[in-house]
Amino acid sequence: MEVENRGLRDERVIRENRLYGPLDPAPEAGYGMDAPPRMGFFTDTSVCIGCKACEVACKEWNNVPETGLDLLGMSFDNTGDLTANSWRHVAFIEQPVSREKLADRGVAVGGQAGNEPPAFEGLPTSRTAAPEMAARAATTGKETGTEPGVPPSPEPGAAVEMATEFLGMPSSVLPGRLPGGERTDFRWLMMSDVCKHCTHAGCLDVCPTGALFRTEFGTVVVQEDICNGCGYCISGCPYGVIDQRKDDGRAWKCTLCYDRLKDDMMPACAKACPTESIQYGPLDELRERAARRLEKLHEQGETAARLYGNDPEDGVGGDGAFFLLLDEPEVYGLPPDPVVPTRDAPAMWKRAGMAALTMAAAAAVAFVGRRS
Amino acid sequence: MGVRTWIEGWPVYRQLTGTDPLGRGLAAMSPRSAELRPRTETADSMARSVCPYCAVGCGQRVYVKDGRVTQIEGDPDSPINRGRLCPKGAASKNLVTSKFRQTRVRYRRPYSTEWEDLDLDTAMDMIADRVIAARAARWEDVDDSGRPLNRTLGFSGLGGATLDNEENYLIKKLFTALGAIQIENQARI
Amino acid sequence: MAECHPVGFQWVMAAKERGARVIHVDPRFTRTSAVANTYVPIRAGSDIAFMGGIVKYILDNELDFREYVLAYTNAATIVSDDFCDTEDLDGLFSGYDPELGVYDPTTWQYEGHEAAVEPRDPAMERETAMPMQHESHGPGVSARVRRDETLQHPRCVYQLLKRHFSRYTPEMVEKVCGVPRERFLDVARAWTENSGRERTTALVYAVGWTQHTTGAQTIRTGAIIQLLLGNVGRPGGGVMALRGHASIQGSTDIPTLFNLLPGYLPMPNAVLHPTYSDWVTSICHPEQKGFWYKAPAYCASLLKAYWGDKATPDNDFCYGYMPRLTGDHGIYKQVLDMIDGKIKGYFLMGQNPAVGSMNGRAQRLGMGNLDWLVVRDLFEIESATFWKNSVEVETGEIVPEECPTEVFFMPAASHVEKEGTFTQTQRLLQWREKALDPPGDARSDLWFFFHLGRIIREKLAGSPLRRDRPILDLAWNYPTHGPHEEPSAEAVLREINGYAVDTGLTLRTFGQLRDDGSTVCGAWIYCGVFADGVNQANRRRPGKEQTWVAPEWGWAWPSNRRILYNRASADPEGRPWSERKAYLWWDETKGCWDGYDDPDFEKTKPPTYRPGPEAEGTEAIAGDDPFIMQGDGKGWLYAPSGLLDGPLPTHYEPPESPVRNPLYGQQANPVRKVYDRPENITHPSPPEPHTDVFPYVFTIARLTEHHTAGGMSRYVEHLAELQPEMFFEVSPELAAERGLTHLDFGHVVTARGAVEGKVLVTDRLTPLRVGNRAVHQIWLPYHWGPGGWSKGDSANDLFTMVLDPNVLIQEGKAGTCDVRPGRRPHGKELVDYLNEYRRRAGNLEYHQTPIITTDAVHESHRRGRPDDGS
């Protein structure tokens, strides 16, 4: 893994994989081969206690505004989603699961996310609340003062999927787990979501103003002094992370505390996290640590545990902020196979390059004209 | 700003001439981004404190700039919290700088429906008068059998679990010397 | 713990990572349950039954750490022949007085000491929460007791314990707690298998245990288990209270409490302590072992701190100035006195009883009938604005134009705007540096009370009245600084620490305190915090640069000890019980105790030391008596003194319960403190009729995102948005039964009030099978009120005021209720609505559940007097 990571800072790799494929992005972005190591987050959801210290610490450091008072009914999640005014978001998933099915799916009972004996074994339970709760919660939405913010779900069935055992079915019809089904057992998953700081960042690639840029740490940051609120980045993000504030129109998201990084300080969320669910460091170290952690969980029988966003070969060239999940990504509301919109760009590179130059020249003319 | 500096500060110029041909990194870096530093570094002072919420006792570092708290975060030296904080501790800056915070004396006259303003010194003087009067109104020298009581039941106090030991010490000392035995705090709940 | 003490919980997660098994027992599946290895749902208020089952499991299977139990506990001590257990008396102990509703504890004493019991007034002890003194030390008992080291004597504590808990079978646990027996046995096995020479188990609790009419006894049950298993005084063991406010431990140590003085010295009582010598001798029992024997020095030094040079041996250190108690002056009594117009003025200092205290309506009606109210807070909390935005204004019970209370809102300085110490949950004092001045009129409480005292003294100067001497003679000269004349907190801390009168030098340890007036000390247990003239609470050697015990961070009372009774971490010969659990040991070559912590023992007293027959006090502590604050040097499995509701914990139902006590005819704690008032109705409970009107159990707790009554979170945007609105949680089964819909409004009703909020239907709550019926539990957070940015109804409005007899803590975790869909009635209709409920429940006006529900009461009374017994 270490060798592989080092290999990402190879000139040939960087040339060939500018727009797609494994890459160490900072050298490619003009910082040279001696750019600082790529920094990132490893969020280990198996030790998350859902306290939301990350959400608050982020807002306190970055002066992010509040998002209003809306009870969402999505378990203890009243943030709803990552938005321009919520750069960390803790998702809570109340999941009724049977012991047998847990075992079938590689979830160790008594492991990181299942109680031993099962939480409600031997108790007089009947129907489960989770699917109905999730479906109803999904229709509530939230006024966050941002766009697209946290809109009500057009299809509550998707929320039902998140709340119940994810069976890999594409639709909201879940065999054996219809609303009102028997509660056999239960687990409560928590996960602190954040901007992924993709290796190939769709938001950055489509930003016409240079407001989004790649930092020397390999992270992706919106520059508030540049952003003009055009909103192109919103559709460019394969994770649906980026969002605009309605009042100033600009896009805002996690900066991985760019200012703190410059002084070798830990990002605010990672520093606050009581249980080290959010770990910060050089990405190659985090990837090694995550691999060890995953191995340990697998040894404990938690074979459903998986890493998400750690693979440099994936559709975004791997994430600068990746996760250890205890279930399918969809259960946490994460896309299973995100792809950067520029995947097909290399084939069209010449044409696009010409177009870009033309546009740049046009922009230059316009800019100079305005200055004078 | 000279023309050359200005030109060099222009992203497209940097993109075309620098090491960032796609203009997604160094070339796009704005002057603000280039100069950005953590505000903890530029604070005027830092005080070492303790979180005011629960009783775990997490160490905090309080940064002040131009007479305002600009950041509160966990003290990594503390063997209790190792720099970490929960959401409440992490919201400490918000607590002390909240727009809802009331920093003026407010006075509600009996039978009034509104607050009024009141000068701090006047309020202190009025409160002292009321303490003396309430103390006298229900002063008890001795009980029915003539045993000393030395006390008043005229006023009472509630609170202390959010205060400092030194404050509680003075409160109990003052109440006791005034003969005011009715005092309680959150430890009873 | 993950919910309310998340940062402390990092250590639990670290232990789990190293292989510890985390077991969480709670009525509701919380964020702690989510990451615990094992979660056990339980009926609120049944913890003694659950843990009593564990005690029985230990004893039946002889799984106790026998060497530890024999050497360090009172297991072998023989109890009086006159003692009768709850086994004999249907849930009562011997000595119950049905007239006064209290026990005469004479028959509970160790054999041969029945007559030695000091003159007692148990009713007075309840009124003044006297057992609370024992937070720092055991009650007075003689050290000279008869023991049976074979533990076979039928009246030795070990055998009494066995008999007392004989009914607490796994089947009974299931029947009382709703915990399936296999689930219970799993916990019992885990706990016992993880305890002993090589391993220790830690027990952690919070107010879910204490806020019951059996609060103190619940903790006692935990302590009994931990003593039996050898988990006290050892690393990784203990019974740990997770307290909920930054300095709630400090405000108990240096109490703003009616019944205590600093260091757990009792407030003088008019009847019991008319003279100084009465007061002092009541504190230290003759013949007793241990450090509490030196109480006269602590008393004299405190009075010297209060009255300085005026306090001399000749005038009993101004003891005559001390105000006296005559009974209950606690907060709930005060509230009722306010309603009755007996109390004129009220200071609130960072507390919000309009939201945070039980029976909120009574609290607010009381505040609405004062002459004046001073509120010191950061925000305009509900207790400052009750006259304009409370439920009672809505119902017309408080009419602003008719409400006489004059209110002063005095803005307070925040924790960063003043310096001083907090004492955290493990007795650690930590000094806070001041970061900046408070804004506007905001001032510290130190400033407020120092200057209030100064102004009062100025106004009373020259008064000829005798009653004004104490305030005029008070030592009240603290140095001040700055434009606002802020008093020096360090000067106050120095006085708390204590100093020698002649040299003015600060003292290093309470062992230096004297009873002759030569020392001053504001709180003997804090003596040493300013040792060598240095603020020891301000020590900040980074954790990484010292041992895991971190003795150089802050300062813990007493004498900077981090684990109390740590002598018990070594065996009687002074060797660690195991290398894995080594903490303190006797070093023969150095001739002293050595280890990671300051020894909670005389440093040079060898394990072999044995006291002479006449020895008293510390000299009477043998080299293998670790419990140095106990009169007999032993950990108490059985408490012959100090508790008013029995020497052993017994399961009683909460005063409001949906079920009959399955264990005894006695339904609820027979010594509980009740206030029989129309504002304070208690619902009918078995064996009474009409229990079906309030068929469900409700319990309340905190959320991670909020703090207590919301005064420090509902006004803080970044917290309030995370839990933006009052809600309550029900199981899907209860939702179906009552037609409650997720995210729609619902309301919970009791005879005291109705509380509305959004319904959260969640699988995290489950019905329990209790006996032959299902019991549904509803959970509410209690953070909301009508003020702040985030507003809502206050869950504490649902509770009645009924208290534990030992410490006067209220039942605040289990009550009965009804739950309905939709919003509650508002305005005057609410009064009618509640009246209709009261009518259906049997025309409740002054209703309290009966105190005694067994015929054995007469037998208990008869057997309580040794002369008449057997």
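Modeller: Start with a sheet in chain B. This is a predicted model. The sheet is open and has three strands, in the order E1-E2-E3, with antiparallel pairing. Strand E1 (45-50) and strand E3 (68-74) of chain B stand at the edges, and each has a single partner strand, so one side of each is left without a neighbour in the sheet. On average, neighbouring strands here are turned by 25° against each other, direction ignored.

Now look at one pairing in that sheet. Strand E2 (residues 59-65) of chain B runs antiparallel to E3(B), and six bridges join the two.

Strand E8 (residues 155-158) of chain B and strand E9 (residues 345-349) of chain C pair in the parallel sense, over four bridges. The bridge partner of B:Ser156 in E9(C) is C:Tyr346.

Step back to the whole contact between these two chains. Chain C gives 134 residues and chain B gives 99 residues. On the side of chain C, helix H19 (residues 445-460) brings the largest share, 11 residues. That side of chain C divides into 72 nonpolar, 42 polar and 20 charged residues.

Chain C touches chain A as well. Here 47 residues come from chain A and 50 residues from chain C. On the side of chain A, the elements that give two or more residues are helix H4 (53-62), strand E2 (88-96), helix H6 (130-138) and strand E4 (186-194). By class, this side of chain A has 21 nonpolar, 13 polar and 13 charged residues.

A word on chain A itself. Chain A has 13 helices and 11 strands. Of its 372 residues, 58% count as buried. Take the contacts in chain A with a separation of 6 or more: 68% of them join residues 24 or more positions apart.

The largest nonpolar core has 422 residues, and A:Ala57 and C:Val748 touch the most other members. Helix H13 (residues 295-307) of chain C gives this core its largest share, 10 residues. Leaving aside neighbours within four places in sequence, C:Val748 is in contact with C:Phe698, C:Phe728, C:Ala754, C:Val755, C:Ile778, C:Leu780, C:Leu798, C:Cys817 and C:Val819.

Note on methods. Residues are numbered from 1 along each chain as its sequence is written. Chains are lettered from A and ligands numbered from 1 in the order in which they are written. This is a predicted model: local features need pLDDT of at least 70, side-chain atom pairs count only at pLDDT 80 or more; totals for chains, interfaces and linings use all residues. Two residues are in contact if their C-beta atoms, placed from the backbone, lie within 7 Å. Ala, Val, Leu, Ile, Met, Phe, Trp, Tyr, Cys and Pro count as nonpolar, Asp, Glu, Lys and Arg as charged, and the others, Gly among them, as polar. Two strands pair if DSSP finds at least two bridges between them. A nonpolar core is a set of buried Ala, Val, Leu, Ile, Met, Phe, Trp, Tyr and Cys residues joined through C-beta atoms within 7 Å. A residue is buried if 20 or more other C-beta atoms lie within 10 Å of its own, exposed if 12 or fewer, and partly exposed in between; C-beta atoms are placed from the backbone. Axes are lines fitted to C-alpha atoms, for helices over the stretch in contact, and angles run from 0 to 180 degrees between N-to-C directions.
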